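Let's take a walk through this one together, a piece at a time. Keep the viewer open and follow along.

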Amino acid sequence: MKKKRCIAMLLAGGQGTRLYALTSMVAKPAVSFGSKYRIIDFPLSNCTYSNIDTVGVLTQYQPLILNEYIGTGEPWDLDRTYGGVHTLPPYQAKSGGEWYKGTANAIYQNLHFLHAYDSEHVLILSGDHIYKMDYSAMITEHEHNNADCTIAVIDVPKEEANRFGIMDYDADKRVTSFEEKPKKPKSNHASMGVYVFKKDVLVRELEADERDPASAKDFGKNIIPNMLKSGMRLFAHEFSGYWKDVGTVTSLWEANMDLLGENPPVNLSDPNFKVYSRNRPLPPCFIDGGGSAENSLLTAGCEIYGKVVNSILSEGVYVGKGSVIENSIIMRGTRIGNHVSVKFGIIDEYVSVEDKVKIGDAKSNKDNIALIGRGITVKKGGLIAAGEIVEEGR
Amino acid sequence: MKAVGVIFSNIHEKEIKELTANRTLASVPFGGRFRLIDFVLSNMVNSGITKVGIITKENYQSLMDHVGSGRHWDLSRKNGGLILLPPYGESGTMLYQSRFEAISNIEQFLRRSEEDFVVMSDCDNVCNMDFTPVLKYHVRQNADITALYRTKMVDGRKMRTLFELDADSRVAKVINSEKTYGEQSLFTNILVAGRKFLLSIIDNAAARGFKSFSKDILTRTGEFRIFGYPLNGYFANIDDISSYYNVSMELLSKEHRDSLFFQNGMHIYTKVRDSAPLKVEQGGSVSNSLIADGCIIEGEVKNSILFRGVRVAKGASVTNSILFQDSSVGAFSRLNCVIADKQAVILEKRTLSGHETHPYFIAKNTVI
């Protein structure tokens, strides 16, 4: 078989604890986003756009829905004869088996996958960000620089820099320092968690890191700093587009709302760079004579008999008569009864909200989002306060 | 009880020439994101049929583009799956004109099939049905043909095939007439037949002078065991532009939508286009309408059906209209009772109006 230029490894095993009820039953990359998408659609569609036809998706936490969603990879054109998308859960082998202990260890446990395709380079991605990026430009730069590793970098506000891996680089973009979540950041050049490695270098570094008992087995904490220390060629690839971490309820809400308004920063309608997703074949959205929608995203299977303002509704959402949905996100298959009010709320998939329920408050804000977990039934007349979280077993 | 499906994609095109100028009737857009053939194709798949032949005659590029390998209907299979059956050309042969000639043309396809039964349908039947009980009924009656009919008031304007049934639901008499009135049992052009039975008819066609399915086969009620099977639930048949308009508008009723799209959990499958979600902008309004993904609505839309990727600019008003994929309405234009084909562009400040019985039709790619 012809050697591939680059394959991708997508880290999708994170629990996403700061999304609370939204990730109690699904892995973070499988969380609904932007009406008809899930978070993982963005890195996968980026791969499609960048002509990367082999993607290993490393799963660990609550993989069922994620696995089902990825399936054969057909929606992303990743159902390939040689390559395609593969989910890679932790497994049992002759010498034993164990859970993925860190981002680097997860890749280490799947070195056989890297060897099977034996590509020149390996692209490491994570499944927690909303962004559209042409990875092929980064790989070309990586080759041009004869880099051992190239790190995608985006400038973040100074006050947020302590949440990221922060680096410094010279005029040739060669990285001179790298610190994971520094208390006193030296710059605002943040790592996006997107790396291109020479495959042979990556294998060597992962094997060395695995032998180090003190290592946290993490790319940002161990692999990158060690490579810098030993004087290897690390380069930065500057990215200036929209890139948003959706790891918290507030940031998830913000990223969704960023899709509204004229000329949103993420263009979902670019015919040359589509964001692909797996959807059910439902009839188009129906908005009744007594219903309305304004400044909102809706999709197939929605049935709207109430009023929807500044909101994002996923497929198959039903909104009953006299109900008002404002500044909220309603995920797929959820049914909102009659005379319900949802304001500054996120309602997960397959929730049933009975009549005359009040969720959230019009005077609330992005830091006080009412959250209803997957599959919950909110009984008639129920009251869910702003910022309250409702989930199974609580 | 395995059956093979056969769909006629070019039937009735003369009567709906506006919409079939560039496409087969099968690929006429319907219901905001579907094509007519999606309904019969999905019905067959939902009934466990895994091999479907589509008989095509002409203009079938758009159909090929739509069905592709058949994977959206789960018909991309190692065994069977979706098979396009274009005309089998020998020099000097005419393109077939009737359903019977079309079947004769696919004799080899039928001969090589292993299924015991053939489910045949036109492509313009809009319904959601399961053929499994029909096949069971066919076997139980030991029928040669089981023809599906529905009970409907008719007003005598068109050539129709009507059944008179005896007490056992056996078809006693078949009437092909334009002058029938009142409540009648109307043949839907959907039928089940034994595969070997069909082949025997084709083999004997020349000797016995069979030319038309409805006139020469169905009428032989004494010779063949022909049974009727009633079709209930939502059913629409599209035979001209005004019926296309009316049948489309019926989808604005929840009852019809539920019956067509959600019957017994059976979905209607179609080709996925990966459009962005529907976006209603600040100041835009939508009422009593079906709006597909990829639409951007800045103006007012009322009692209408918008296919994928339609743009309605600020100040524009669209009422009682059907706008196909990627058409656009400029600022302050007003549309009433309009059917706009794909990629039609209505510039700013245009006023276009038809009437419910005679919708104003704008051809594909037209700029107004």
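In α6(A), the residues V201(A), L202(A), E205(A), L206(A) and D209(A) touch F219(A), N222(A), I223(A), N226(A) and M227(A) of α7(A). Bear in mind that you're looking at a predicted model. As for handedness, the crossing of α6(A) past α7(A) is right-handed.

Now for the sheet that involves both chains. Eleven strands make up an open sheet with mixed pairing, in the order β31(A)-β28(A)-β25(A)-β22(A)-β19(A)-β16(A)-β16(B)-β19(B)-β22(B)-β25(B)-β28(B). Which strands sit at its edges? They are β31 (377-378) of chain A and β28 (360-362) of chain B, each of which pairs on one side only. To zoom in on one pairing, take strand β19 (residues 303-304) of chain A and strand β22 (residues 318-319) of chain A: they run parallel and are joined by two bridges. Here I304(A) has V319(A) in β22(A) as its bridge partner.

Over to chain B and strand β8, residues 145-154. Seven of its ten residues are buried, so β8(B) is largely enclosed by the rest of the structure. It's worth checking what β8(B) pairs with. Nine bridges tie β8(B) to β11(B), and these two run antiparallel; within β11(B), Q184(B) is the residue opposite K152(B). Another five bridges link β8(B) to strand β12 (residues 226-230) of chain B, this time running parallel. There, Y149(B) stands opposite P230(B) in β12(B). As background, side chains in a regular strand alternate between the two faces of the sheet.

While you're at β11(B), which spans residues 182-194, find N189(B) in that strand. Its phi is near 65°, a positive value in a residue other than glycine. N303(B) is another non-glycine residue with positive phi, near 45°. Where does N303(B) sit? It's in the loop of chain B between β18 (300-302) and β19 (305-306). With a relative accessibility of 24%, N303(B) counts as partly exposed.

One more positive phi turns up in a hairpin of chain B. Strand β9 (residues 160-165) of chain B and strand β10 (residues 171-177) of chain B run antiparallel, with six bridges between them. T161(B) has N176(B) in β10(B) as its bridge partner. Five residues lie between the strands of the β9(B) and β10(B) hairpin, where S169(B) takes a positive phi near 70°.

Finally, the cysteines. What about C337(B)? The closest cysteine sulfur to that of C337(B) is in C295(B), 19 Å off, so the two are too far apart for a bond. C337(B) is buried as well, with a relative accessible area of 3%.

How values were computed
Residues are numbered from 1 along each chain as its sequence is written. Chains are lettered from A and ligands numbered from 1 in the order in which they are written. This is a predicted model: local features need pLDDT of at least 70, side-chain atom pairs count only at pLDDT 80 or more; totals for chains, interfaces and linings use all residues. Side-chain values use heavy atoms; hydrogens and water are left out. Helices (H or I, at least four residues) and strands (E, at least two) are DSSP runs, numbered from the N terminus. Buried means under 20% relative accessible area, exposed over 50%, partly exposed in between (1.4 Å probe, protein chains only). A disulfide is a pair of cysteine sulfur atoms within 2.5 Å. Two strands pair if DSSP finds at least two bridges between them. A crossing is left-handed if the near helix is turned anticlockwise from the far one by less than a right angle, and right-handed if clockwise. Contact means heavy atoms within 4.5 Å.
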